[in-house]
Amino acid sequence: MSAYFANKLRVVPITLTLISATFGLWLGELGWALFLASLVWIFIHTSEYRKYLQWSRHPLKRPPNGIDRWFLLIYPLFRSLQRERGRTRDMTKRLREILRLTEVIPDAVIILTPTGDIEGMNDAARKLLSLSDRDVGLGLATVLRNPDFVTFIRENQLEEPLEFTSPFNAGQSLEARRFDTGNERTIVLVRDITALNRLLTMRQNFVANVSHELRTPLTVVAGYLETMLDETQDAELRLSLISRLETPVKRLQNLVNDLMLLTQLESTSSKEQKRPVNLAKLVETCVQELSPLTRTTNQISIIVEDEVLIPGIDTELQSVCFNLLTNALRYSPEGNPITISVKKHHQAVRLSVKDQGYGIAPEHLDRLTERFYRVDLAGARSRGGTGLGLAIVKHILRRHGSELNIQSTLGHGSTFFCDFESIEAA
Ligand code: ADP
């Protein structure tokens, strides 16, 4: 194509010069003839210039054919524009594909141009940061007006993630990370770390609580031992301390046992361990085992309306009964009656432990199953509990598809109950 036009280009001026020179010589006016030929040549150039000027308004269309060097100038330009357009199309397609892939990422993904403008985002970004497609092309720092986030975006700190409070929800903690993609673009990932932070705080509190609970009996044991080893002390006193060691050592044992049970409950699956359990029999065994601990006989009454089987783990259900009964005993004045019952309730089987003890004020009810939560710390501790009993009960019940319900009136007593699905007894 270019050879064809190159030939044309050489032919037109040569032919024009030859014709005008021949006519000029023939008429004896060579100067005028060449002058006229120049005017024609200028006219051709001007019209070519106009043609290409018009083309330049839509440079992606094919340029018109020309007979002059203009075409040689314009055509390569047009070709490179076409190649560039192809490349841009490919890139846009790839970018769309990448954006489509980012939709499966649960964290917010935002692609930024070198100037920090939003180029693309995924659905999580729209939800988490209230962005919309209208924000594409705007600066991310101007759309999200959190001062820490703005500094983070502008300062190019790629290494350290930024933790900040959501500008839309004061109770939500977010974490942002920046990644340089190498092609001048930046990817910003933002994730919701509210639950993670809550978990970290819970873990810290748990460790602090365990340490505190262990330290108290250990300090007592250490104090007794010190006195027992002190030869200047009265021999009778030193001997009497041996029997007093039992209480703090038992406390330590109970605490360690409860902690181990909680860990085991959290780390094992309950599905394959379930067997049919006769709840009525289980309750009777529990009460029998507890009777040496009760302060008056007949303090615990058992009411069993139906002999039913439930799918469960024997040892865990025993632990539920044991914890609820010991609490009823622990938080009731001496001799007050306690009733444990197993009854059909609609389609379910209801296990219930009722006492006429001190009762619980309503504001504590929601928190009783938290680890180490006690209504009256000093009083409760002296009663021998670990503060983990109801947390264990909650876990076990969850593994059995049930939950703990508490009804209580301060000064009048409490009822702790839970429902289980039944297997009709054969
Ligand atoms: P603890 O080992 O201290 O008994 P729990 O987790 O078993 O720990 O119980 C948590 C708290 O709930 C207790 O410290 C007590 O204040 C309260 N509580 C539990 N059961 C009863 C009850 N039957 N009557 C009154 N308060 C109770």
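A disulfide is defined here as a pair of cysteine sulfur atoms within 2.5 Å. By that criterion, the structure holds zero disulfides. Cys321 is in no disulfide, and its nearest cysteine sulfur, that of Cys286, lies 4.6 Å away. Cys418 is likewise in no disulfide; the nearest cysteine sulfur, that of Cys321, is 8.0 Å away. Cys321 counts as buried at 1% relative accessibility. Cys418 is also buried, with a relative accessible area of 0%. Burial classes follow relative accessible area: buried is under 20%, exposed is over 50%, and partly exposed is in between (1.4 Å probe, protein chains only).

The model is predicted: local features need pLDDT of at least 70, side-chain atom pairs count only at pLDDT 80 or more, and totals for chains, interfaces and linings use all residues. Residues are numbered from 1 along each chain as its sequence is written, and side-chain values use heavy atoms, with hydrogens and water left out.

The chain is divided into four parts: domain 1 (2–94), domain 2 (105–192), domain 3 (197–244) and domain 4 (271–421). These bounds come from an automatic or database domain assignment. The centres of domain 1 and domain 4, taken over C-alpha atoms, are separated by 99 Å. Asn254 is placed in helix α9 (residues 246–267). At 27% relative accessibility, Asn254 counts as partly exposed.

Helix packing was examined next. Two packed helices are described by the angle between their axes and the distance between the axes. Helices (H or I, at least four residues) and strands (E, at least two) are DSSP runs, numbered from the N terminus. Axes are lines fitted to C-alpha atoms, for helices over the stretch in contact, and angles run from 0 to 180 degrees between N-to-C directions. Angles under 35 degrees count as roughly parallel, over 145 as roughly antiparallel, 65 to 115 as roughly perpendicular and the rest as oblique. A crossing is left-handed if the near helix is turned anticlockwise from the far one by less than a right angle, and right-handed if clockwise. Contact means heavy atoms within 4.5 Å.

Helix α2 (residues 30–56) and helix α3 (residues 69–102) cross at roughly 15°, and their axes come within 10 Å. The pair is therefore roughly parallel. The crossing of α2 past α3 is right-handed. On the α2 side, His45, Glu48, Tyr49, Tyr52 and Trp55 meet Trp70, Phe71, Ile74 and Phe78 of α3.

Helix α7 (residues 194–229) packs against helix α8 (residues 235–244) at an angle of about 155°, with the axes 8 Å apart. α7 and α8 are therefore roughly antiparallel. α7 passes α8 in a left-handed crossing. Tyr224, Thr227, Met228 and Leu229 of α7 meet Leu237, Arg238, Leu241, Ile242 and Arg244 of α8.

α7 also packs with α9: their axes come within 8 Å and cross at roughly 155°. That makes α7 roughly antiparallel to α9. This crossing is left-handed. From α7, the contact involves Phe206, Val210, Glu213, Leu214, Pro217, Leu218, Val220 and Val221. From α9, the residues are Pro248, Val249, Arg251, Leu252, Leu255 and Leu259.

His346 sits in the loop between β9 (338–345) and β10 (348–355). At 72% relative accessibility, His346 counts as exposed. Phe372 belongs to the loop between α12 (362–365) and α13 (377–382). Phe372 counts as buried, at 7% relative accessibility.

Ser352 is found in strand β10 and counts as buried at 12% relative accessibility. Not counting residues up to four places away in sequence, Ser352 touches Thr339, Ile340, Ser341, Thr415, Phe416 and Phe417. Ser319 is located in helix α11 (residues 314–330). Ser319 is buried, with a relative accessible area of 15%. Leaving aside neighbours within four places in sequence, Ser319 is in contact with Leu261, Ile392 and Ile396.
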